[in-house]
Amino acid sequence: MNTYPEYNASMEEIHHIHKLDAPSGTAITLANQIIQNIPLKEKWINAATEKVNELGIVSKRIDEVPGTHTVTYSSAIDELTITHAAFNRKGFATGAVLAAEWLKGEKGIFGMNDLLNIQ
């Protein structure tokens, strides 16, 4: 839970120009987790925003960028930025194979928390 309301959260996600969805599923998942932990945030929007109840996600589509997600917490004093940048698509392919292997013999609907055994 965010006990420092002076920090405003925002996000940016960058993918290749062929990606059709915006924001990406990863960005939406991150946004929903942030909203669950920051009482001031009620929803996300796919644009920069100054409204304290909205989490702004800026979606960019640039060249052949495999995927970059940045979460920023800004205050009048300082800024904290957390970024994950994929350098190629190998990690995504590896994750898909691991998920397929895990799913063998399973029935139902599963998410990443199931695969990672996160409660």
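I looked up E12 first, and at 26% relative accessibility E12 counts as partly exposed, a term that I use for values between buried (under 20% relative accessible area) and exposed (over 50%), with a 1.4 Å probe and protein chains only. I note that this is a predicted model, in which local features need pLDDT of at least 70 and side-chain atom pairs count only at pLDDT 80 or more, while totals for chains, interfaces and linings use all residues. Residues are numbered from 1 along each chain as its sequence is written, and side-chain values use heavy atoms, with hydrogens and water left out.

I then asked which side chain E12 meets in a salt bridge, taking that term to be a side-chain nitrogen of Lys or Arg within 4 Å of a carboxyl oxygen of Asp or Glu. The partner is K60, at 2.9 Å from N to O. Because E12 lies in strand β1 (residues 8-15) and K60 in strand β3 (residues 54-61), the pair ties together parts that are 48 residues apart in sequence; strands here are DSSP runs of E, at least two residues long, numbered from the N terminus. K60 is also partly exposed, at 34% relative accessibility.

Searching the whole structure, I found five salt bridges. One of them joins the side chains of K19 and D21, again at 2.9 Å from N to O; K19 is partly exposed at 23%, and D21 is partly exposed at 32%.

I also looked up R89, which forms a salt bridge with E64, their closest N and O atoms being 3.9 Å apart. For accessibility I noted 42% for R89, which is partly exposed, and 47% for E64, likewise partly exposed.

Definitions and conventions: Helix = DSSP H or I, 4+ residues; strand = E, 2+ residues; numbered from the N terminus.
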